[in-house]
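Here's a quick briefing to read with the model open. Have a look at the fold and at the ligand site.

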Amino acid sequence: MQVELRHVFKSFPHNGHVVDVLHDVSLTVAAGEFVCLVGPTGCGKSTVIHLMAGLERPDRGQVLVDGTPVTGPDPSRCVVFQDAALFPWLTVLGNVEFGLRMAGLERAKRRERALEYLRLVHLSRFTRAYPHQLSGGMRQRVAIARALALQPAVLLMDEPFAALDAQTRAVLQNELLEIWELARPTIFFVTHNVREATGLADRVYVASSRPSQLRDVERISLPRPRHAEDPVLLAHQHRILGFLGEEIEKVLREELGETVHFPEAQHETPPERSPGMHI
Ligand SMILES: Nc1ncnc2c1ncn2[C@@H]1O[C@H](COP(=O)(O)OP(=O)(O)OP(=O)(O)O)[C@@H](O)[C@H]1O
Ligand SMILES: [Mg+2]
């Protein structure tokens, strides 16, 4: 399934005035493609996910799936949120089976499908555990298994690994790529992490600060798994960080006022680490 935003504008009311969040945003995720979106904090990345999921409507412009306007949520488009929102009173197995029951699968099929996907994310030994008995990484795996078990044509992932340590994140990134290569869902993946985006995506969109417009799109043709030190990958990261560096500077100026001093060098050499962005 192809997902598309066409000249989308979105604003929200805030303290009696209107905050422009998305300003004429157009992007396309082709069927079976893996696309990442990176951008400074608060620029509207989650809003893009919510629009694609059908949880929000654009003020102007269109959100299309295979050319048809999105009018609401649909099981063919699953969202994985940043904090694995599991049901605490259900076991791991119960959490994965829950969505399948909603989708109308009969009992035996539900069990079989849930176990299959828990195996894929290496949680077969924890099917009877409750969410509070799991680590953050394990809970996130359950959330991913729950979404994947529905075999959605489109997977919308909102910073799914942001709260995890680097090692767990790397493991889950590899698992996600393996699953994507098997089933080839369309994946739209939001992240702050430039290294994560370039490691995963076919294409990376770079958003500006609010009101958000797309500044750049990098096509990354390197085969996977990609090597962290690959000079081509590093060149992509450098370009993206260049765009983001300027945008994050803008956000900081807005938040902290003009008293903040930014070293000139930052324009030429993108920062290793900046607030709201990680590499
Ligand atoms: N439902 C809503 N009602 C009012 N304001 C909203 C709503 N959703 C988002 N916003 C505002 O829109 C702006 C963009 O929010 P959004 O969550 O899309 O940004 P983001 O890029 O995902 O940020 P972060 O990187 O921190 O997750 C913020 O100023 C937020 O307060
Ligand atoms: Mg967000």
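The notes below cover the sheet, the helix and the ligand shell.

This is a predicted model, where local features need pLDDT of at least 70, side-chain atom pairs count only at pLDDT 80 or more, and totals for chains, interfaces and linings use all residues. Residues are numbered from 1 along each chain as its sequence is written, chains are lettered from A and ligands numbered from 1 in the order written, and side-chain values use heavy atoms, without hydrogens or water.

**Sheet and helix**
- Four strands make an open sheet in the order 2-1-4-5, with antiparallel pairing (strands are DSSP E runs of at least two residues, helices H or I runs of at least four, numbered from the N terminus; pairing takes at least two DSSP bridges).
- Strand 1 (residues 3-14) and strand 4 (residues 60-65) run antiparallel and are joined by five bridges; Arg6 stands opposite Gln62 in strand 4.
- Helix 1 (residues 45-53) packs on the sheet and touches strand 1, strand 2 and strand 4 (contact: heavy atoms within 4.5 Å).

**Ligand 1**
- Around ligand 1 there are 13 residues, with Thr41, Gly42, Lys45, Ser46 and Thr47 the closest (a heavy atom within 4 Å counts as near).
- That shell splits into three nonpolar, six polar and four charged residues (Asp, Glu, Lys and Arg count as charged; Ala, Val, Leu, Ile, Met, Phe, Trp, Tyr, Cys and Pro as nonpolar; the others, Gly among them, as polar).
- Helix 1 gives the largest share of the shell, three residues.
- A polar side-chain atom of Lys45 lies 2.7 Å from an oxygen atom of ligand 1.

Terms used. Axes are lines fitted to C-alpha atoms, for helices over the stretch in contact, and angles run from 0 to 180 degrees between N-to-C directions. A polar contact is a pair of N or O atoms within 3.5 Å; within protein, one must be able to donate a hydrogen and the other to accept it, and residues adjacent in sequence count only if both atoms are side-chain atoms.
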